[in-house]
Every structure is written in structure tokens, then in C-alpha cells.
Amino acid sequence: MRNSVLAIGLIAILLVAGTAFAGIPSASTSTVEREGQGTPECNPDVAVICPASDMGQVYVTVTVRNVYGDPLADKVVNCYPSVVSGGFCFCPGEDSKQDTTDSNGQVFFTFSDFGGCGDLEFGADCEGVVFNPSATIYIASPDNNGDCTVGLPDFISFAGVYQTADACSDFNCDGTVGISDFIIFAGHYNHTCP
Ligand SMILES: [Ca+2]
Ligand SMILES: [Ca+2]
């Protein structure tokens with residue numbers, strides 16, 4: 001008799017706990033994915049970015065799930081880039097964004113106003129739970145030195161890598177810094193944050 005009361009109590013606790021956990025985001029089942037967009041010649045592992053937001057973009061998808069793998073709607077998510085290698089400058093509002101998950105537990109972020117070259121990853125958190133960051137993505141940019149302006153120092157850098165395989169200045173992802181890249185560079189000269 002006593003054992004069965006204990007068993008019923010234990011089951012009740014588990015049920016309550018299960019209900020409670022059902023609404024909590026889980027780092028082990030939630031995901032952060034990124035892809036480069038806006039430059040058709042480049043694969044999704046590369047994004048080509050101008051601080052003025054008029055080149056490509058990084059599109060980040062965060063999917064929030066509970067420990068059972070169920071998607072969680074109406075959850076507020078923070079998403080932010082973090083530098084893995086290279087030097088970057090983020091325009092106001094581009095260093096962290098916040099939005100709410102849809103009915104599929106998903107929320108989408110676009111990062112397009114920044115400068116610099118190198119590897120970024122994207123992190124996210126929700127209700128204090130920090131998710132595993134995205135895979136890294138390589139950023140190419142006419143803002144070579146990452147000060148949020150395409151200026152003379154960037155032109156000097158560009159000239160220094162002309163006709164090499166420098167990835168930072170290969171804006172059309174054909175493997176070489178050439179005349180096409182220079183025309184693109186010139187079109188973004190003096191661009192800065194919006
Ligand atoms: Ca610059
Ligand atoms: Ca090129």
C-alpha cells in the first residue's frame with residue numbers, strides 16, 4: 001500500500017516535471033544554421049558583404065526545440081555573430097538581433113551591414129539557454145580592414161592582392177582577384193554603414 005502511494009506520487013512528479021520541461025528550450029535539440037546569400041556565384045559557405053548592406057548577406061535560421069525534440073513557438077531568441085578569425089566591424093544593430101519563433105519553432109535573421117574578412121560563426125540563446133553556434137562562414141568584403149568603410153586603405157589592400165587567389169577580395173568567387181572584382185570594388189567605394 002505504502003509502495004503504491006509512493007509509486008503514484010513519483011509518477012505524478014514525473015508528469016508535472018514532464019509538462020514543465022516541455023516548454024523549456026534545449027541546447028541539445030535546438031539548432032543554429034547559416035548560409036551566405038545574394039551572390040549567386042558563391043556557395044553558401046561564403047558571404048560577400050558591404051557595410052552599406054548592398055551586397056550579400058548571412059541568413060541565419062534558429063530552430064528552438066524542447067528536450068523531446070518538439071518545436072517551441074513564441075520563444076524570444078537572441079542571435080549574434082562571433083569572430084572566429086579575421087577582423088570585423090559591425091554597424092549599429094548588427095552585433096545582436098532579437099525575434100520570436102513561429103509555429104514551427106523557427107526564427108530567421110539577416111546580417112548584412114558589416115565589414116571585414118575572415119570566419120564568423122553565429123550564436124543564439126533563448127530564455128537563458130545558450131545553443132551550440134552555427135558552422136563557420138567565410139566573409140569576403142571590399143571593407144578589407146574591417147572599419148565599416150570602404151576607403152583608401154582597402155583600395156591599397158585590394159591592389160596588393162590583385163591577380164592573386166586572395167579570398168577576401170574575390171567577390172565573385174571565381175578563385176582569382178581580377179578585373180571583375182575591381183569593378184565590384186569600385187562600385188562600393190566610399191560605402192559605409194546605412
Ligand atoms: Ca575599410
Ligand atoms: Ca574573382
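Colleague: Why is C148 called buried?

Modeller: A residue is buried if 20 or more other C-beta atoms, placed from the backbone, lie within 10 Å of its own, exposed if 12 or fewer, and partly exposed in between. C148 has 22 other C-beta atoms within 10 Å, so C148 is buried. This is a predicted model, in which local features need pLDDT of at least 70, side-chain atom pairs count only at pLDDT 80 or more, and totals for chains, interfaces and linings use all residues. Residues are numbered from 1 along each chain as its sequence is written, while chains are lettered from A and ligands numbered from 1 in the order in which they are written.

Colleague: Where does C148 lie, and what is its phi?

Modeller: C148 lies in the loop between β9 (137-140) and α2 (152-160). Helices (H or I, at least four residues) and strands (E, at least two) are DSSP runs, numbered from the N terminus. The phi of C148 is positive, about 70°, although C148 is not a glycine. Most residues other than glycine have a negative phi.

Colleague: What makes E127 exposed?

Modeller: E127 has 12 other C-beta atoms within 10 Å, and therefore counts as exposed. E127 is found in the loop between β7 (114-126) and β8 (129-130). Its phi is near 50°, a positive value in a residue other than glycine.

Colleague: Why does S103 count as exposed?

Modeller: S103 counts as exposed because it has 8 C-beta neighbours inside 10 Å. S103 is in the loop between β5 (97-100) and β6. S103 and A73 are 30 residues apart in sequence, and their C-alpha atoms are 4.8 Å apart in space.

Colleague: Which strands form an open sheet, and in what order?

Modeller: Three strands form this open sheet, in the order β1-β3-β6, with antiparallel pairing. Two strands pair if DSSP finds at least two bridges between them. β1 and β3 have seven bridges, and six bridges join β3 to β6.

Colleague: Why do β1 and β6 stand at the edges?

Modeller: β1 (31-37) and β6 each have a single partner strand, so one side of each is left without a neighbour in the sheet. The twist averages 20° from one strand to the next; axes here are lines fitted to C-alpha atoms, for helices over the stretch in contact, and angles run from 0 to 180 degrees between N-to-C directions.

Colleague: What is R34 in contact with?

Modeller: Two residues are in contact if their C-beta atoms, placed from the backbone, lie within 7 Å. Leaving aside neighbours within four places in sequence, R34 is in contact with V58, Y59, V60, F122, S134, A135 and I137. R34 and Y68 are 34 residues apart in sequence and 24 Å apart in space, C-alpha to C-alpha.

Colleague: Which residues touch the most other members of the largest nonpolar core?

Modeller: A nonpolar core is a set of buried Ala, Val, Leu, Ile, Met, Phe, Trp, Tyr and Cys residues joined through C-beta atoms within 7 Å. The largest one has 37 residues, of which V48, V60, V62, A124, I139 and A140 touch the most other members. β2 (46-48), β3 (57-63), β4 (76-90), β6 (106-111), β7 and β9 each supply at least two residues of this core. β7 gives the most, with six residues. A124 touches V32, V62, V77, N78, C79 and F131, not counting residues up to four places away in sequence.

Colleague: What is the radius of gyration of the protein chain, and what would a compact globule have?

Modeller: The protein chain has 22 Å, whereas a compact globule of 194 residues would have a radius of gyration near 16 Å. The radius is taken over C-alpha atoms, and the globule rule is 2.2 Å times the number of residues to the power 0.38. The C-alpha trace spans about 85 × 30 × 25 Å along its principal axes.
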